[in-house]
Number of protein chains: 2
Amino acid sequence: MHLPAYDALASTFTRLHHYQHLGSIAGWDQAAMMPPKGNAARAAALAELDLLVHQTLADPALADLLARAAEEALDSQQAASLREMRRDWEQANLLPARLVQAKSLASSRCEHAWRTQRTQNDWSGFLQNFQEVVQLAREEAQCLAQGKGISGYDALLDRFESGARGAVIDVIFDDVKRWLPGLIATVREKQAAQTVLAAQGPFAIDKQRALGLELMELLGFDFSAGRLDLSTHPFCGGVPEDVRITTRYNEDDFMRSLMGIVHETGHARYEQNLPRDNLALPMGRARSMAIHESQSLSFEMQIGRNPAFLALISPLLNKHLGEQAAFDAPNLARLFTRVKPGLIRVDADELSYPAHVILRYEIERALIGGDIEASDIPALWDEKMQTYLGLDTRGNYRDGCLQDIHWPGGSFGYFPSYTLGAMYAAQYFASMRQTQTDMDARIAAGDLAPIFSWLNEHIWQQASRWETGELVQRATGEALNPQHLRRHLERRYLGA
Amino acid sequence: MHLPAYDALASTFTRLHHYQHLGSIAGWDQAAMMPPKGNAARAAALAELDLLVHQTLADPALADLLARAAEEALDSQQAASLREMRRDWEQANLLPARLVQAKSLASSRCEHAWRTQRTQNDWSGFLQNFQEVVQLAREEAQCLAQGKGISGYDALLDRFESGARGAVIDVIFDDVKRWLPGLIATVREKQAAQTVLAAQGPFAIDKQRALGLELMELLGFDFSAGRLDLSTHPFCGGVPEDVRITTRYNEDDFMRSLMGIVHETGHARYEQNLPRDNLALPMGRARSMAIHESQSLSFEMQIGRNPAFLALISPLLNKHLGEQAAFDAPNLARLFTRVKPGLIRVDADELSYPAHVILRYEIERALIGGDIEASDIPALWDEKMQTYLGLDTRGNYRDGCLQDIHWPGGSFGYFPSYTLGAMYAAQYFASMRQTQTDMDARIAAGDLAPIFSWLNEHIWQQASRWETGELVQRATGEALNPQHLRRHLERRYLGA
């Protein structure tokens with residue numbers, strides 16, 4: 001088939017894929033390997049790359065190619081790539097190059113300083129850099145909003161989850177806010193009567209690492225196409241052909257790193273199983289950040305905190321960390337499903353987690369909309385932590401509004417992805433359980449293949465072939481249905 | 001001062017500096033971190049970057065800017081940058097983009113496969129990829145040669161050491177070939193009467209690493225701007241703001257890694273001390289590969305194998321590797337100056353080293369000139385190893401012509417840099433000793449500051465301010481004089 005316009009576009013997007021490869025590796029290195037004095041040069045190089053990518057996408061010649069390619073006889077995969085190409089091109093054309101570079105530099109500077117400021121609980125120092133990031137993010141939101149005909153915050157949301165809108169998320173989150181506090185209270189009351197043995201540390205870092213590697217193996221991570229390293233803020237980076245996940249270890253607490261590794265392995269398997277023959281083209285990309293989080297949360301929540309899985313890995317804990325009664329399967333299940341609202345999102349239990357996300361969503365939406373200023377964040381944070389989780393965070397910026405990397409890095413609109421992801425994950429597993437009625441028995445026996453095979457077929461191999469709504473509809477037979485998360489939580493935590 | 005043309009060039013070259021930053025980090029990662037399945041995507045991304053750099057340099061608009069900048073009132077540093085910009089631009093304009101990308105891809109492929117083929121002693125498998133690399137290197141040499149009006153091999157040499165010519169190197173190396181074999185024979189005869197205690201291993205890798213880190217500290221490596229990692233083939237990579245050196249460890253032999261680290265630390269200090277305010281511009285780059293090797297060899301040969309330095313570090317060996325009589329200073333000096341021709345260049349003693357280089361130089365010159373084909377290399381290698389070092393390498397490709405990364409990576413014309421570097425290093429130290437008459441006593445006392453201060457003033461801070469000839473003339477008061485190396489070797493090995 002002769003497709004001159006599409007082929008020209010494919011060649012440009014392959015070039016972009018190569019550029020982004022370099023940016024991903026340099027970004028991983030910045031977080032996992034780079035010594036401190038390397039940062040200024042790295043930030044400048046990455047901002048240059050952002051500009052190059054932007055300029056390549058904003059090339060006026062693309063307009064004509066996109067129009068002509070739409071008339072060519074594309075197959076469904078090519079059509080999916082073309083849809084994503086058009087989205088990237090429209091997005092880039094709405095942003096002036098100056099703004100792209102300024103935002104990249106300001107975010108790099110703010111994020112780098114934040115690493116120290118967070119440790120020092122230095123909100124006022126942070127605010128100086130952060131105000132510029134907010135200012136530029138608002139400009140960015142305005143530019144995108146005007147072009148897309150939606151609100152500024154929706155325009156940012158749309159970049160992480162195409163088609164997502166604040167009005168819809170409001171309805172979903174308002175519902176969660178109605179049932180979640182009651183559920184948390186009921187579960188805590190129930191758990192108050194339980195005896196749970198705490199595991200006795202310290203847990204040597206090299207042993208935690210060996211355990212983590214064996215879990216990754218069990219979960220199907222391909223070590224010939226990826227690595228596990230250390231970073232202050234765990235993430236999944238690198239490129240699909242070479243996925244880099246990171247963790248951090250705490251000698252007093254093996255649970256965080258363990259679940260962190262399981263979480264990142266979920267992201268990693270998605271990337272490692274995107275369709276190999278389309279990786280360089282937009283159709284071959286992971287669908288969206290909510291779908292990405294649906295994979296990490298399928299691993300962490302649906303599989304990882306499932307008592308059947310904890311029974312499966314109980315011997316591994318005894319093997320690597322030394323035998324103790326706390327690692328007995330029933331106790332392990334109680335440890336990993338213990339509900340105790342705390343200050344830190346990434347360490348939150350499965351029930352408190354949505355509250356952390358909703359709080360951030362509400363604050364960042366008001367911030368981008370101009371209803372509040374950056375300096376208003378701490379007071380609002382305190383108020384919402386009190387309301388949603390009953391916790392006092394006053395004066396504790398470090399474990400309050402300074403705890404996440406997203407805002408210093410200029411990523412506004414990302415947080416809803418976590419809870420949308422948890423909802424998608426619950427929906428997948430509800431769907432799987434209809435045919436895999438013996439799922440828990442298989443998990444306990446170490447047979448995870450049916451789960452991976454379902455995810456591979458319905459999510460991983462689909463990549464960006466469909467818009468998110470259609471992907472989920474095809475996978476589960478229905479649109480996003482937040483009730484699956486509620487039912488999953490009630491079943492797991494109340495046995496209902 | 002208003003310098004519109006120069007400023008426009010400076011902005012383009014700053015952009016190139018940013019691109020090259022990403023390439024350097026991705027290149028380091030490829031050798032030190034990347035899992036095997038990442039290679040195809042990495043090679044494609046790096047080839048894309050090579051093409052981008054090439055296209056940026058070959059931009060026709062630069063011709064006019066270069067001409068106009070030459071008429072502007074530049075200071076001496078700006079003039080030095082302009083000279084280097086012109087050189088880069090001329091070079092890029094001589095090579096078609098197609099060839100740049102093809103060479104990058106073919107070299108990546110050949111180098112990647114070589115990592116396995118070398119281990120398997122698989123010359124014929126290697127030859128299949130290598131013939132394409134040779135073919136493209138010859139094309140490259142031809143393109144450059146026609147433009148520069150010099151021979152093909154000279155055109156490749158010229159990229160690593162601007163102004164170097166085979167005819168001059170022939171004269172220098174022919175002289176070495178006259179005196180070196182006799183010197184080796186005399187020294188071996190003298191050393192045959194010495195008693196040397198071999199150190200008793202095994203030497204645990206973590207202990208060798210701790211020793212290496214302490215040596216780097218002693219030699220002034222800035223760990224807030226660099227790292228030490230592992231790779232199969234030790235090198236110094238990264239960027240001046242963040243220098244990445246690598247080593248490999250052998251549990252049976254602590255000497256290789258120790259001297260390897262000292263060698264790479266010499267490269268690293270050069271990069272870490274290039275003038276900070278000019279790093280993004282060509283004037284701020286390291287001068288040439290021969291000058292770079294003159295730094296690594298100043299560290300490895302002039303300092304590292306100096307008995308005074310070995311006396312200084314003798315307690316560190318006892319501390320990290322466990323006390324043993326072999327680590328006593330006089331024995332250590334005998335160990336590190338032991339002359340014993342062997343098959344491997346990077347493990348060669350100081351006297352045999354030039355023979356390894358001359359052999360490679362003669363072969364690659366004939367290969368690029370078309371006097372021999374790639375398939376002729378093993379026979380020629382055997383013949384020259386027999387002649388120069390009296391060693392039989394027949395059938396042992398792994399430790400013969402497959403041992404170096406340079407040829408599979410397409411770097412022809414690099415090897416002479418090592419011996420030119422050794423000669424420059426000997427010349428610097430001869431010059432230093434004229435004023436630092438107590439140098440050995442100071443080294444033994446741990447006072448390396450006068451040496452570093454001389455190197456910093458005369459080499460590191462000069463960066464690319466001068467052409468190599470003038471740099472060396474200014475530093476030592478004379479042009480390259482190979483007799484300094486001969487005198488140094490005779491003094492150290494014969495006490496002459």
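## Domains of chain A

In this predicted model, 27 Å separate the centres of domain 1 and domain 2 of chain A, taken over C-alpha atoms. The domain assignment, automatic or from a database, gives domain 1 as residues 4-94 and domain 2 as residues 118-496. Local features require pLDDT of at least 70 and side-chain atom pairs pLDDT 80 or more, whereas totals for chains, interfaces and linings use all residues. Residues are numbered from 1 along each chain as its sequence is written, and chains are lettered from A in the order in which they are written.

Contact (C-beta atoms, placed from the backbone, within 7 Å) joins 21 residues of domain 1 of chain A to 21 residues of domain 2 of chain A. On the domain 1 side, α1(A) gives the most, with eleven residues. Helices are DSSP runs of H or I with at least four residues, strands are runs of E with at least two, and both are numbered from the N terminus.

## Helices α5 and α6 of chain A

The axes of α5(A) (97-119) and α6(A) (123-148) come within 9 Å and cross at roughly 150°; axes are lines fitted to C-alpha atoms over the stretch in contact, with angles from 0 to 180 degrees between N-to-C directions. The two helices are therefore roughly antiparallel (over 145 degrees) to each other. Among the residues that meet are A:Ala106 and A:Trp114 in α5(A), and A:Phe130 and A:Leu136 in α6(A).

## Contact between chains A and B

Chain B and chain A each contribute 28 residues to their contact. On the side of chain B, α1(B) gives the most, with eight residues.

Terms used. Parallel < 35°, antiparallel > 145°, perpendicular 65-115°, else oblique. Contact = placed C-beta atoms within 7 Å.
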